[in-house]
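Dear colleague,

Please find the structure below, handed over for your review.

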Amino acid sequence: MEQGGGGGGVTAAWRTSVLAKHFQVHVGAASYATSPSAVLQRLTCISYEPPECNSEKPGFDTKQMRSLLDDHNIPDRDFIWDLMASSELFQSNRVGEKVFLSPDYNLSMEDQRESTLARVLFLLEKGVFKGWLTKQSHELELQKSAIFEAVETFDHALAVKLGIHFRLWGGAIQFCGTKQHHHKWLEITENFLVQGCFAMTELGHGSNVRGIETVTTYDPNTQEFIINTPCESAQKYWIGGAAKYATHSIVFSQLLIDGRNEGIHAFICQLRDDKGNVCPGLRIADCGHKIGLNGIDNGRIWFDKVHIPRENLLNSVADVTPDGHYQSMIKDPDQRFAAFMAPLTTGRVSIAVSAVNQAKIALATAIRYGLTRHAFALSLGQPEMILLDYPSHQHRLLPLLAKTYAMNFAALDLKKQYSAQTGADTKTIHVLSSGLKSMLTWHNLHTLQECREACGGQGIKSDNRIGQAKAEYDVQLTFEGDNNVLMQQVSKELHSYYSRTRRMGKPLKDLGLEHMNGSCPIIPSVLDRNMVRDKNIQLGLFQARERVLLELLSMKVQRISLEGLSITEALMANYQLVQDLGKAFSERIVLDSFLKVEDLQPAGSLKDVLGLLRKLYVLSTAEESPVFLRCGLLSPTQSQLVSEEVTALCAEIRPQALHLVNSFGIPQTLLGPIACDWVEYNSWANVQHKESSDSIPTQVHTHPHKLKLPTPIQAQVSCEATGSQSIEGF
């Protein structure tokens, strides 16, 4: 698929084409005789040129840059994009010879859901998911990750649907289940003979999973667990897939054995039979229309003393014997709880990566548009300026571009650490994934808003993707954990680790806090432009901020604790400091990842452009954060210098802006149409083309039972075969 690039041939051919069109336009003879150039200049579209015409030649190897950004499985990503482009299920607009790919958000909620399912089944038929749950290898995990990321660039709902089925439902069975569960469920899940969902969130409890109110008891006489919704606030809520399609669910519940609450446990529960009927003892309602993600059928579930077999407890962490005795190798309830939360970590990792990729689409669209759209002239009679030549336009987009590069490298490191983790790394991965999920999703929403505004009215159109993406991705700020709550967890763990290690008189060896074992970096009182760009000073500035905030929080918590309050109350009393520390930690982690990539490059153009981006990432972050001034890390004069250097760096990066977004490797057909020929896209000829029989057919939205769903295995989906309330009689 076409992925950008440019050259003199493209420019010359384009100009010839535009001039040819204009010479065909009827022009009054008198006007033309008076001033031929004036007539041509009045025609706005004559000034349209591809973005390559308003950029310098690439100053670095864009393929090599893409290799750094994607890191792995580039052919698999390109294969998925080509596969989607081959099917009308994924096509939306045709502009000239170019066919754009995106969901049709003008469809009804019902049709969006059915289109999403149709796309899943198309990918299933093409063998895309083969081995995803039945085979295990590092190479397969990397391939799976690359495919998820490629799918995500097309549609968030499609990626979420696959994530629920494979990563949450399937992942829970893998992580929390044992061989009996693996043998019984993983292959049929991979082949969509069952469709899984993940019932954790409740009406009354979201982020506070420990507080969920669904209750499960055990009956030793029938050797069954009994799941019950005791009150309205205990109804399962926002359960993706539950409203219409899911046949089974992982259900998280409090487990009561002999009146003793053993804490949160996970169970497999069937929701529907092979005809789509809701099983006895269950009530399911649709959550209804949402501001985004309407391709996902979110539902609500009530359990009315639903019986499930004893074997449906996912028992890698704990088990209940046939006669009703609770057993667990993990005696600490907190550690048991953490083990059951393992599937959520993969969700946070994938969300962090997906947020970066969506920011790339927005930036590629807005920057390409900004290199072709003119507005105003410096003086009367002069040609209008390209948007991206305005310093204000550079300042609104290019720091976001630098941050996206930086966060891309941090997300890659997070993926690698997650895939290589051992049991000892669980807490570290939790802290890193919580901090980066929060920071990267906030960054994405800010980037989408800024890019939407930078595209003016065109940014409002759903076709151009940016405005719609704001609604589609807003949910990332709160699912798999509310960002503010996750940042509090990050700071709580930092404080706990720091205080515990200091009390023991040991050096800090985790979470990148080794820099706090030495003296605090000293920022020179007098800085010049070369110094503020120096990587050692920049790293020292971020480390000093993190250190000052962590030491300050530790001191305040200790003081409040001496007054008789708990550590939790002390942290709540310092919520702003807690948030600042979480962000400082996460932004330093991002810088560490960026520096690692930069330092590995040999001297040359690639290293140089990475250096410019890293400098802009650090200085734009310092410009926006009041903490540096508040904590005395920068003086007002130094802060002014930082702002001046942000402006200067934007001007230095602007000539390579196009090639930096082309290095994302995202096909132009997955961007908004305004990233290409926005004049032709908005032309009357294109309107007529859309209305003609040659237009892209309406995306398939047949009823799912007519979409050739895989035939379920009767014994596994029939919940009416017995006369009792036992849902799974096998």
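Trp238 is partly exposed in this predicted model, its relative accessible area being 46%. A total of 18 aromatic pairs was counted. One of these joins Tyr237 to Trp238 in an edge-to-face arrangement, with 5.4 Å from centre to centre and 75 degrees between the planes.

Elsewhere, Phe129, Trp132, Phe148, Phe166 and Phe192 come together as one aromatic cluster. A member of this cluster, Phe148, also has a charge placed over its ring: the charged end of Arg167 is 3.8 Å from the ring centre. Another arginine, Arg119, is positioned over the face of Phe90, and here the distance to the ring centre is 5.9 Å.

I would also draw your attention to Ile212, which belongs to the loop connecting strand E3 (196-199) with strand E4 (215-219). How accessible is Ile212, and does it count as buried or exposed? Its relative accessibility is 3%, so Ile212 counts as buried. Leaving aside residues up to four places away in sequence, Ile212 is in contact with Met200, Glu202, His205, Lys236, Phe252, Ser253, Gln254 and Ile264.

With kind regards

Definitions and conventions. Residues numbered from 1 in each chain as written. Predicted model: local features only at pLDDT ≥ 70, side-chain atom pairs only at ≥ 80, totals over all residues. Heavy atoms only, no water. Phe/Tyr/Trp six-rings, centres within 6.5 Å; stacked < 30°, edge-to-face > 60°. Buried < 20%, exposed > 50% of the residue type's maximum accessible area, 1.4 Å probe, protein only. Lys NZ or Arg CZ within 6 Å of the ring centre and 35° of its normal. Helix = DSSP H or I, 4+ residues; strand = E, 2+ residues; numbered from the N terminus. Contact = heavy atoms within 4.5 Å.
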